[in-house]
Structure formats: C-alpha cells, structure tokens
Amino acid sequence: MRGADFALAPGEVHALVGENGAGKSTLMHIAYGMVAPDAGSILVDGRAVKLASPRDARALRIGMVHQHFTSIGGLTVGENIALAAGRLDGWTAGVVGQRLLEGIDLDAPVEALPVAQRQRLEILKALATGAKILLLDEPTAVLAPAEVDELFALVRELVQAGGAVALITHKLPEVLAVSDRVTVLRRGMVTLHGATQEQTDQSLAQAMIGDAAAGNKEQATGDRQQTSRSGQQATVRIHNIELHAGELVGVAAVEGNGHRELLRAIAGLGPLPGVQVAGRVAFVPEDRSTEGLIPAMSITENMVLGLGDDPRWARGTRLDWSAARVRTGELLEGFGIVAPGPDVPTGTLSGGNQQKVVLARALERHPTLLVLENPTRGLDARTTGEMHRRLREAANTGVTVIVYSTDLDEVLELAERVLVVWKGEVREGPTGADRRAVGAMMLGVEPRER
Amino acid sequence: MSPPAGRALFTGFVAVAIGFVVLAAGLSLGGYDPVLSLGALWRGAFGSWYALTSATLVRAVPLIILGLGVALAFRAGVFNIGADGQFYAGAIAAAWIGVRVAAWPSVAAIGAVLIAAVIAGMLWIAIPVLLKIRFGVLEVISTLLLNFVAEAMVSYAVTGPMQETKGIYPQSDAIALVARLPGPQGTRLHAGFLIALFLAVLLWLLFTRTAWGFRLRAVGLGPLAAEVSGRIPTRRVVAMALVWSGALAGLGGGVEISGVTYALFQNLSPGYGFTAIAVALLARLHPLGVILTGLLFGALEAGAQGMQREAGVPAVAVQVTEAVVILVIVLAEALTRRVGVGSWGLGNRRAPAEER
C-alpha cells in the first residue's frame with residue numbers, strides 16, 4: 001500500500017475494485033485488524049482507534065467475510081453461528097437475521113450445504129458478532145447469477161437497516177449494479193473515487209488498468225486448423241454429444257449439479273457413465289493452491305509434478321533437475337510469469353502468476369484435450385485476457401478446449417458451444433444462446449430450439 | 001535450498017546452546033557443580049577414543065537408522081511413532097535367526113540376520129498400514145500402541161520360547177559368532193555405523209535424484225496436487241513410505257543385536273524410536289542432517305552416562321536438555337512460519353490455505 005484513503009458511510013454500499021495485487025484485500029485486512037498499518041489512522045464513528053486484532057474490530061462492530069469460507073464443516077449451521085457470536089441483539093436477529101436464515105436448516109452440518117448457503121452463513125456469522133460494518137471480500141466469486149442477485153438484495157437490505165457494506169470485487173457490472181460509491185485502487189493507490197452513478201465500466205476499467213488498452217476484448221481470430229500440432233485429435237463423447245478437435249467448449253452449471261464430476265471424468269480422474277474420452281489430456285483444476293500446485297515446492301518441481309515422465313528430464317527412474325530447471329526458466333519467460341527464478345516456491349508467487357504456471361504446465365504437455373475449471377478465478381482483467389488468448393490459441397491449433405466457469409459471462413464470451421449441466425444431466429445450449437437462455441437452462445428449463 | 005539450510009543449521013546451534021544453558025542452570029539449582037557435571041558430560045561423550053567410539057558412536061547408530069526411518073515416513077506426510085516397536089520386531093527376528101546360523105559363512109549369516117530384521121520391521125508396520133488403508137485408522141495411534149505390544153512380545157519371548165538354554169536370566173542365547181557385525185579391535189564400535197552412513201547417503205540420493213523420492217515428497221507436501229496434477233497414487237505411496245520406514249526401524253533392531261548386544265533382552269531400547277523422532281525433526285527430515293543430529297543425541301546420551309558416573313547427576317537431566325532443544329527448534333520454526341518463511345517439510349499438515 002502506498003497511501004490510500006477509504007471512507008465508508010452508514011447506509012451505503014461502497015465498492016472497492018482493482019486488479020490483483022492492487023491492495024484491496026490488504027486495505028480491508030487493515031480495517032479488520034488483521035494487518036497493522038505502517039502509517040495512517042483508522043477512524044470509527046469519527047474517533048481514531050487502534051486495531052491490534054480482529055477482536056478489536058469486532059468490538060467496534062466491524063465484521064468481515066473472507067474470500068475463503070471459514071466455517072467448520074463438521075459442525076452444524078447453528079453451532080458455527082454460536083461459535084462466531086459474541087453478541088446477538090435486536091438489530092442482528094430482527095432486521096436481517098431471519099431473512100438470511102430463510103431456507104437454511106440450523107441443524108444441518110455445514111459441509112452438506114450448497115455453496116450459496118455457505119456464503120450466506122459466512123455473512124450471518126459476521127452479523128452474529130454484532131457487526132454493523134461489513135467487509136465482503138469477493139463474495140460473488142463462487143455464486144451463480146441468480147445467487148448473486150439474491151446476495152445483492154441482502155446487501156441492500158443490510159444498508160437500508162443502517163448498516164454499511166464494503167464490497168471487494170473484480171466484476172465491474174456488479175459494482176455498477178449494487179454500489180452507491182466506488183473506490184478504485186491501482187498498485188496501492190486510489191486512482192478513482194466517486195459516486196457509482198457517475199461511472200461507466202469503461203471509466204472504471206481505465207482507472208483499474210491505467211492505460212488505453214482497457215476494455216478491449218480480444219476477438220477469436222484465425223482459420224481453424226482441424227488437427228493439433230502432433231497431428232492427433234482428441235475424441236470426447238458425452239452420451240450423444242460429440243466434441244471435435246479445435247472446439248472451445250464452455251460448461252455452465254450452478255454449483256453442485258455434477259459439472260465437477262463431468263469435468264474430472266473427461267480429464268480422466270474418475271469414471272462417469274456415458275463419458276468416453278481418447279486423447280492426451282491436460283487438466284487445470286479449480287483450486288490452484290491445493291490441487292494445481294504444491295506451494296512449498298519450487299516452480300521446477302511443480303512443473304515436473306505435472307509433466308511426470310517427460311523424457312527430457314526423466315532418465316529411467318532418475319530425474320535430471322538441471323534439464324527441468326532450464327525448461328522451467330524458458331516457460332517462465334515465454335508466459336511472462338513474474339518470479340525471481342525457477343527455484344522459488346510457488347507459494348510465494350501471486351495468484352495470477354501461480355495460475356500462469358499451471359497453464360504453462362498444461363500446455364507444455366502438448367495436449368489434444370485441455371480441461372479447465374474456473375481458470376481465471378480471482379485473476380485481474382489483464383491476466384484473464386491473457387488466459388483467454390492462450391485458450392483460443394490452443395483451440396486454433398486443434399486442441400479441444402473445455403472450460404467451466406462460475407462466471408457465465410466468461411463462458412459465453414469464450415465458448416463456441418455451451419454445455420449446461422443440470423442435476424447431472426448434460427445438455428447443449430442452442431447456438432448463439434444468450435445469457436438469459438443459458439441461465440434458464442442452468443435452472444432446469446428446457447431449451448426452446450434443438 | 002541453501003539459505004533455508006543455513007538457517008536450519010543456525011537455529012540448530014542456537015537450540016543446542018540454549019539446551020545446555022538450561023541444563024547448567026538446572027544443575028546449579030539442583031546443587032550440582034555445573035562445571036564438573038558438564039565436564040563429565042563432555043568426557044563421557046568425547047573425552048577419550050574409547051568414549052567416542054564405544055559410547056557416542058555406538059549410541060548414534062540406532063538413532064541414525066531409526067531417525068532415517070522416521071524421516072522417510074514424515075516426508076510422505078505420515079507419522080510413524082512406532083519405530084520402537086519395529087525396532088523390537090527386528091531385534092526378535094535377528095536374535096531368532098542369529099542362533100541358527102552358526103554353520104554359515106559369516107557374510108551369509110550377517111545378511112540373514114539383517115534381512116530377517118528388515119522383514120520383521122516391515123511386517124510389524126504392515127498392521128498399521130492395513131488398518132489405515134482399509135479402515136482409515138490414524139497411523140499415529142496404531143503405530144504408537146503397537147510399541148507396547150512389541151515390548152510385551154519381547155518379554156514373552158525372553159521368558160518363554162526364546163529364553164537362554166540355561167534358563168536363568170530373561171534373555172535369549174547369544175547369537176552365533178559368525179552372525180556378529182565386525183568392528184575395530186578394542187572398541188565396541190561395529191560395521192553398523194557404516195551401514196547407517198550408507199543408508200543416509202542412499203536416502204538423500206533417493207529423495208533428491210529420483211522420481212521415487214520426488215513423488216514421495218510431493219505426496220507429503222501436497223497430497224491433493226500430487227493426486228490431481230501429478231496423477232500419483234497417493235495411498236500407495238503413503239503405504240510404501242510407511243513400509244520402508246518400518247523396514248529401516250527393523251534393521252535398526254537387527255544391527256543392535258548383531259553389532260552390540262548379541263542377545264535379546266527386555267528394555268533393549270531406551271526409547272530409541274522416540275528419540276529418533278527428535279533426531280529426524282531436528283534434522284528437518286534431511287537424511288544427511290540425520291547423521292549430525294543422530295551423533296548429537298548419541299553424544300548426549302553417552303555423556304549422560306558419564307555425568308552419572310562422575311558427578312552423580314541422574315541421566316534424566318540430559319533428557320530434559322534434549323526436550324529443551326526440541327522445544328526451541330519447534331518454537332523457532334513457529335516464529336519463522338509467522339513471518340512467512342520456513343517449513344518443516346511436513347507441509348500440508350502445518351500450513352493451511354493461507355498461501356495466496
């Protein structure tokens with residue numbers, strides 16, 4: 001952080017946006033007492049306060065909902081709330097508590113809840129500590145469009161009841177839809193601050209990225225080659241749906257409908273009836289820090305992890321680390337990965353660079369079939385654009401690319417064909433289907449044309 | 001790898017120094033002369049050629065071999081707390097074979113004794129491995145509890161089926177002369193020390209140079225990534241790591257019989273399997289580091305005997321020192337992890353999803 005002011009007034013939703021590493025989370029962590037500021041002050045109700053820990057913040061009725069869920073899976077909803085609760089008074093329980101609790105079984109174990117309900121539980125827990133000032137760190141990352149709307153309705157209710165909400169997000173449409181004021185951070189500094197009404201997604205993107213390149217969407221280009229570099233093609237058949245070489249296929253689904261199982265079956269990680277796959281598969285799993293990479297291992301080691309018995313460094317049972325290190329260095333360069341070198345632990349890289357490592361490794365396999373789960377989750381606009389370009393490039397060289405994204409807009413922007421998974425059933429969206437049509441299919445509505 | 005290794009050595013030295021300061025303070029509080037006592041400790045460990053070779057090095061051999069076994073399992077992310085039990089299983093097998101090979105050539109006799117010990121160690125740990133794979137029983141508990149079973153088995157063996165032919169003492173007959181590990185004249189040192197050094201180097205090469213070692217470390221540091229991104233059969237790797245861990249601990253028992261005691265008796269191990277955990281952790285699971293820490297703890301325990309003889313200080317005092325050393329290391333580790341560096345190599349168990 002290099003000096004950034006952020007003011008939150010009662011009764012308002014204040015969006016905080018910026019690219020990865022712009023300092024959004026850090027700023028909120030300071031406000032929640034998790035990180036001590038080197039300089040500057042924190043004022044609550046006009047009084048300067050010192051926050052040594054989140055406990056101090058909670059005493060001042062500040063609550064935070066983290067990007068990652070913090071509930072205990074083995075305990076019930078009620079137990080989790082009781083654990084978090086320091087204070088339960090009329091404001092919390094009366095105004096919004098009941099509304100939040102709609103449809104949630106207090107006695108259900110948390111691990112059995114769908115993602116959207118776990119998200120609501122996180123907010124409920126923050127309210128149960130008596131919070132009137134809520135800091136939400138990317139709460140929509142895991143939600144389907146309808147669930148996002150529901151969340152925002154709740155947020156509005158909270159502020160109407162006199163609360164204040166700070167909302168961290170990358171998604172500009174969300175900023176425009178729900179916030180009253182907006183602050184844009186870039187590299188630790190405020191580059192824009194003002195009423196949301198006066199902003200457009202162009203002006204926000206400009207402030208986030210800082211150059212004229214903002215907002216340019218890359219277009220799919222080039223003639224399609226029908227064969228991959230190796231001249232081989234992948235074949236994928238899901239029941240009666242057949243996918244072809246060089247296709248960029250999007251998968252859309254509401255969390256918990258079996259898309260995860262489908263993708264992993266295609267990636268060869270588990271059988272699923274009706275799914276037949278042949279080809280050289282590369283898989284980019286959703287959670288890069290637990291499934292994609294081993295944070296404590298070096299970039300080179302993580303490359304070798306995913307590339308296995310590559311003859312360039314696997315000599316029988318021996319591993320030639322210097323050969324692997326050289327190739328890793330080349331990949332870091334080729335993919336523009338910002339890292340001190342191939343020997344640093346991947347855990348020290350930023351999220352975007354970690355994801356680039358995972359993608360570089362996947363492409364290094366020279367796959368004929370590339371399967372990706374939420375490949376741009378948590379990435380900033382620039383890195384997301386780069387990921388998309390790489391995926392299109394891969395498809396153009398004849399790779400079958402299958403992408404699932406929680407962000408329906410991303411699926412629609414990227415994919416030529418859209419598969420919708422609903423209650424374990426896979427159906428293909430009609431050509432040229434728009435957001436509304438696919439969104440309806442995600443909730444089980446039959447597509448009109450076939 | 002070199003900056004963390006340098007820091008590890010530094011914290012190690014600091015921890016040992018603090019351990020000795022605490023020991024000295026405790027000794028003077030307890031009314032002992034700290035200078036005399038610590039001098040006795042030094043003389044007991046390094047004071048003479050005999051002390052070095054026949055006390056320190058002899059003590060270090062089982063600590064190094066068992067320490068390697070513990071480190072092997074820990075590297076794969078599983079906890080073998082039962083090295084003591086596997087040591088006993090190996091010792092029983094070694095003593096049993098050792099009295100039956102008198103007519104064999106020496107190389108074959110020693111080989112048979114040690115191989116029997118290895119197999120016994122593997123079989124003994126196979127129980128927790130099967131329990132873990134079939135029923136998800138935590139290996140920490142099953143390996144720990146089987147220590148007591150193994151101890152009881154030794155008691156039964158030396159008072160029953162394997163008791164010496166004279167039938168007086170609760171111990172087995174001495175193994176055949178040909179089954180004994182050779183050593184330099186006039187000392188108690190034996191070839192088991194070379195075996196320990198060889199195994200440490202071998203394990204280090206396996207960890208750093210082979211796909212086998214890499215997969216094992218990957219499973220230990222990131223089991224999910226190993227499975228999803230590395231397509232490594234993690235359960236098999238974990239089972240294999242435990243089995244080889246047991247093999248090493250069993251071998252430790254065989255080497256003790258064949259190189260030092262020549263016979264099986266109760267309390268053959270003064271808790272080698274537990275000290276081995278400290279040896280492995282202090283070495284940060286590094287096989288070559290295990291040589292150093294094994295020697296350190298061997299020297300401490302040899303010195304403890306000297307201190308008891310010369311200054312009348314109970315040998316337990318040294319165990320307190322060992323405990324202080326471990327606590328300082330763990331504390332230093334926790335503090336460095338707070339500022340975001342360092343790892344025990346136990347990875348996933350200690351460092352949750354705070355990365356990002």
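Predicted model: local features only at pLDDT ≥ 70, side-chain atom pairs only at ≥ 80, totals over all residues.
1. Chain A as a whole. Chain A contains 16 helices and 19 strands. It has 450 residues, and 45% of them count as buried. If one takes the contacts in chain A between residues at least 6 apart in sequence, 71% join residues that are at least 24 apart.

2. Where the chains touch. Chain A puts 22 residues into the contact, and chain B puts in 20 residues. On the side of chain A that touches chain B, the elements giving two or more residues are α10 (288-292), α11 (299-307) and β15 (318-319) of chain A. Of these, α10(A) gives the most, with four residues.

3. Helices α11 and α13 of chain A. Two packed helices are described by the angle between their axes and the distance between the axes. The axes of α11(A) and α13(A), the latter covering residues 351-364, come within 9 Å and cross at roughly 40°. Because of that angle, α11(A) is oblique to α13(A). The crossing is right-handed. From α11(A), the residues that make the contact are A:Ile299, A:Asn302, A:Met303, A:Gly306 and A:Leu307, and they meet A:Val357, A:Arg361 and A:Glu364 of α13(A).

4. Helix α9 of chain A. This helix covers residues 259-266, and its buried residues include A:His259, A:Leu262, A:Leu263, A:Ala265 and A:Ile266. These residues cover an arc of only 160° around the axis, so they sit on the same side of α9(A). Just after α9(A) comes A:Gly268, with a positive phi of about 80°.

5. Helices α5 and α6 of chain B. Helix α5(B) covers residues 106-135 and helix α6(B) covers residues 139-159; their axes come within 9 Å and cross at roughly 150°. The angle is over 145 degrees, which means that α5(B) is roughly antiparallel to α6(B). Here too the name of the crossing can be given: α5(B) passes α6(B) in a right-handed crossing. On α5(B), the contact is made by B:Trp124, B:Ile125, B:Ile127, B:Pro128, B:Leu131 and B:Lys132. On α6(B), it is made by B:Glu139, B:Ser142, B:Thr143, B:Leu146 and B:Ala150.

6. Helix α7 of chain B. Buried in α7(B) are B:Gly192, B:Phe193, B:Ile195, B:Ala196, B:Leu199, B:Ala200 and B:Leu203. Seen down the axis, these buried residues fall within an arc of 155°, so they line one face of α7(B). They pack against α3 (49-75), α10 and α12 (287-311) of chain B. The face of α7(B) turned away from the buried side carries B:Phe198, B:Val201 and B:Leu202, which are exposed.

7. Helix α10 of chain B. One of the elements that the buried residues of α7(B) pack against is α10(B). Helix α10(B) covers residues 234-261 and has 28 residues. From its first C-alpha to its last it reaches 39 Å, close to the 40 Å expected at 1.5 Å a residue. Of the 28 residues, 23 are buried, so α10(B) is largely enclosed by the rest of the structure. Just after α10(B), B:Tyr262 takes a positive phi of about 65°.

Terms used:
Residues numbered from 1 in each chain as written. Chains lettered and ligands numbered in written order. Buried ≥ 20, exposed ≤ 12 C-beta atoms within 10 Å, placed from the backbone. Contact = placed C-beta atoms within 7 Å. Expected span 1.5 Å × (residues − 1). Arc of directions from axis to C-beta. Axes fitted to C-alpha atoms, helices over the stretch in contact; angles between N-to-C directions. Parallel < 35°, antiparallel > 145°, perpendicular 65-115°, else oblique. Left-handed = near helix turned anticlockwise from the far one by under 90°.
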